[in-house]
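Keep the structure open beside you, try each task, and then follow the solution step by step.

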Amino acid sequence: MTAKWFLAGGLVLASTALALAQDAKAGRDKAQQCSLCHGELGIANVPNAPNLAGENASYVAAQLKAFRDGKREHHQMTIIASGLTDEDIADLSAWFAKIKIEVTAPELD
(Lines give C-alpha, C1' and ligand atoms only; values in the text may rest on other atoms or scores of the structure.)
Protein backbone atom coordinates (compact mmCIF):
# COMPACT_ATOMS: atom_id res chain seq x y z
CA MET A 1 0.00 0.00 0.00
CA THR A 2 2.82 2.41 0.85
CA ALA A 3 4.45 1.79 -2.53
CA LYS A 4 1.24 2.77 -4.32
CA TRP A 5 1.03 6.05 -2.40
CA PHE A 6 4.70 6.72 -3.04
CA LEU A 7 4.19 6.13 -6.77
CA ALA A 8 1.08 8.32 -6.83
CA GLY A 9 2.94 11.10 -5.02
CA GLY A 10 5.79 10.84 -7.50
CA LEU A 11 3.40 11.17 -10.43
CA VAL A 12 1.82 14.27 -8.89
CA LEU A 13 5.23 15.85 -8.36
CA ALA A 14 6.30 14.99 -11.92
CA SER A 15 3.15 16.51 -13.42
CA THR A 16 3.58 19.61 -11.24
CA ALA A 17 7.16 19.99 -12.43
CA LEU A 18 6.01 19.71 -16.04
CA ALA A 19 3.33 22.36 -15.49
CA LEU A 20 5.87 24.70 -13.92
CA ALA A 21 8.20 24.19 -16.88
CA GLN A 22 5.61 25.66 -19.24
CA ASP A 23 6.09 29.35 -20.06
CA ALA A 24 3.06 30.81 -21.84
CA LYS A 25 4.84 34.12 -22.50
CA ALA A 26 7.69 32.32 -24.24
CA GLY A 27 5.09 30.22 -26.04
CA ARG A 28 3.40 33.36 -27.36
CA ASP A 29 6.69 34.47 -28.88
CA LYS A 30 7.38 31.02 -30.33
CA ALA A 31 3.85 30.82 -31.76
CA GLN A 32 4.64 33.50 -34.33
CA GLN A 33 5.81 30.70 -36.63
CA CYS A 34 2.38 29.07 -36.21
CA SER A 35 0.34 32.18 -36.99
CA LEU A 36 0.34 31.90 -40.78
CA CYS A 37 -1.91 28.83 -40.62
CA HIS A 38 -3.23 28.74 -37.04
CA GLY A 39 -3.73 32.50 -36.60
CA GLU A 40 -2.10 34.96 -34.23
CA LEU A 41 -4.42 33.92 -31.40
CA GLY A 42 -4.87 30.29 -32.38
CA ILE A 43 -7.94 30.74 -34.59
CA ALA A 44 -7.03 29.15 -37.92
CA ASN A 45 -6.58 31.30 -41.03
CA VAL A 46 -6.79 28.40 -43.46
CA PRO A 47 -9.56 25.81 -43.74
CA ASN A 48 -7.40 22.71 -43.23
CA ALA A 49 -5.65 23.96 -40.05
CA PRO A 50 -7.25 23.33 -36.67
CA ASN A 51 -7.97 26.07 -34.14
CA LEU A 52 -5.52 25.81 -31.25
CA ALA A 53 -6.90 28.56 -29.01
CA GLY A 54 -8.16 27.21 -25.71
CA GLU A 55 -7.12 23.65 -26.57
CA ASN A 56 -5.95 21.41 -23.74
CA ALA A 57 -2.19 21.80 -23.25
CA SER A 58 -1.62 18.05 -22.94
CA TYR A 59 -3.40 17.45 -26.24
CA VAL A 60 -1.40 20.11 -28.12
CA ALA A 61 1.85 18.79 -26.64
CA ALA A 62 1.01 15.21 -27.59
CA GLN A 63 0.20 16.21 -31.18
CA LEU A 64 3.36 18.31 -31.58
CA LYS A 65 5.49 15.48 -30.20
CA ALA A 66 3.78 13.02 -32.55
CA PHE A 67 4.59 15.25 -35.55
CA ARG A 68 8.16 15.78 -34.32
CA ASP A 69 8.77 12.09 -33.66
CA GLY A 70 7.21 10.89 -36.93
CA LYS A 71 4.26 9.13 -35.29
CA ARG A 72 1.87 11.52 -37.02
CA GLU A 73 2.50 12.92 -40.49
CA HIS A 74 1.55 16.12 -42.21
CA HIS A 75 4.03 17.62 -44.67
CA GLN A 76 4.25 21.11 -43.14
CA MET A 77 3.74 20.14 -39.50
CA THR A 78 6.34 17.39 -39.64
CA ILE A 79 8.91 19.87 -40.94
CA ILE A 80 7.99 22.59 -38.43
CA ALA A 81 7.76 20.26 -35.43
CA SER A 82 11.05 18.53 -36.23
CA GLY A 83 12.90 21.57 -34.87
CA LEU A 84 10.93 21.84 -31.62
CA THR A 85 12.45 20.93 -28.27
CA ASP A 86 10.41 19.56 -25.38
CA GLU A 87 10.64 23.04 -23.82
CA ASP A 88 9.32 24.66 -27.03
CA ILE A 89 6.41 22.22 -27.07
CA ALA A 90 5.59 22.87 -23.40
CA ASP A 91 5.70 26.64 -23.96
CA LEU A 92 3.55 26.52 -27.11
CA SER A 93 1.04 24.23 -25.43
CA ALA A 94 0.82 26.55 -22.42
CA TRP A 95 0.25 29.59 -24.66
CA PHE A 96 -2.55 28.06 -26.70
CA ALA A 97 -4.22 26.62 -23.58
CA LYS A 98 -4.29 30.03 -21.89
CA ILE A 99 -6.19 31.71 -24.72
CA LYS A 100 -9.80 32.12 -23.62
CA ILE A 101 -12.61 31.19 -25.99
CA GLU A 102 -16.13 32.44 -25.41
CA VAL A 103 -19.04 30.46 -26.76
CA THR A 104 -22.46 32.03 -27.16
CA ALA A 105 -25.51 30.01 -28.12
CA PRO A 106 -27.57 31.57 -30.89
CA GLU A 107 -30.99 32.90 -30.17
CA LEU A 108 -33.46 30.74 -32.03
CA ASP A 109 -36.77 32.20 -33.14
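This is a predicted model: local features need pLDDT of at least 70, side-chain atom pairs count only at pLDDT 80 or more; totals for chains, interfaces and linings use all residues.

## Exercise 1: A network around Lys30

**Task.** Count the helices and strands in the chain, then work out which residues are joined with Lys30 into one network of salt bridges.

**Solution.** 
- Step 1: The chain has 6 helices and 0 strands. Helices (H or I, at least four residues) and strands (E, at least two) are DSSP runs, numbered from the N terminus. Along the sequence the pattern reads α-α-α-α-α-α.
- Step 2: The structure holds 5 salt bridges. In one of them, the side chains of Lys30 and Asp88 meet at 2.9 Å, N to O. Asp88 sits in helix α6 and Lys30 in helix α2 (residues 24-30), so this pair ties together parts that are 58 residues apart in sequence.
- Step 3: Lys30 also forms a salt bridge with Asp91, where the closest N and O atoms are 2.6 Å apart. Asp91 lies in helix α6 and Lys30 in helix α2, so the pair links parts that are 61 residues apart in sequence.
- Step 4: Through shared partners, Lys30, Asp88 and Asp91 form one network.
- Step 5: Lys30 is partly exposed because its relative accessible area is 22%. Asp88 counts as buried because its relative accessibility is 16%, and Asp91 is buried, with a relative accessible area of 1%.
- Step 6: For the whole chain, buried residues make up 28% of the 109 residues.

## Exercise 2: Looking into the largest pocket

**Task.** Describe the lining of the largest pocket, and say which element gives the largest share of that lining.

**Solution.** 
- Step 1: Start with the idea behind the search. Rolling a probe the size of a water molecule over the atoms shows where empty space is left. On a 1 Å grid over the protein atoms alone, probed at 1.4 Å, a pocket is an open set of points with protein on both sides within 12 Å along at least five of seven lines; lining residues have an atom within 4 Å of a point.
- Step 2: The largest pocket has a volume of about 560 Å³, a volume being the space filled by probe spheres set on the points, which are joined across faces, edges and corners.
- Step 3: The lining has 25 residues, and His38, Pro50, Leu52, Phe67 and Met77 lie nearest the centre. Elements giving two or more residues are α3 (35-38), α4 (57-68), α5 (75-82) and α6 (86-98).
- Step 4: The largest share, 5 residues, comes from α4.
- Step 5: By class, the lining has 16 nonpolar, 7 polar and 2 charged residues. Here Ala, Val, Leu, Ile, Met, Phe, Trp, Tyr, Cys and Pro count as nonpolar, Asp, Glu, Lys and Arg as charged, and the others, Gly among them, as polar.

## Exercise 3: Two residues of one loop

**Task.** Leu52 and Pro47 both lie in the loop between α3 and α4. Decide for each: buried or exposed?

**Solution.** 
- Step 1: Leu52 counts as buried because its relative accessibility is 15%.
- Step 2: Pro47 counts as exposed because its relative accessibility is 86%.
- Step 3: Pro47 and Cys37 are 10 residues apart in sequence, with 8.8 Å between their C-alpha atoms. Cys37 belongs to helix α3.

Conventions
Residues are numbered from 1 along each chain as its sequence is written. Side-chain values use heavy atoms; hydrogens and water are left out. Buried means under 20% relative accessible area, exposed over 50%, partly exposed in between (1.4 Å probe, protein chains only). A salt bridge is a side-chain nitrogen of Lys or Arg within 4 Å of a carboxyl oxygen of Asp or Glu.
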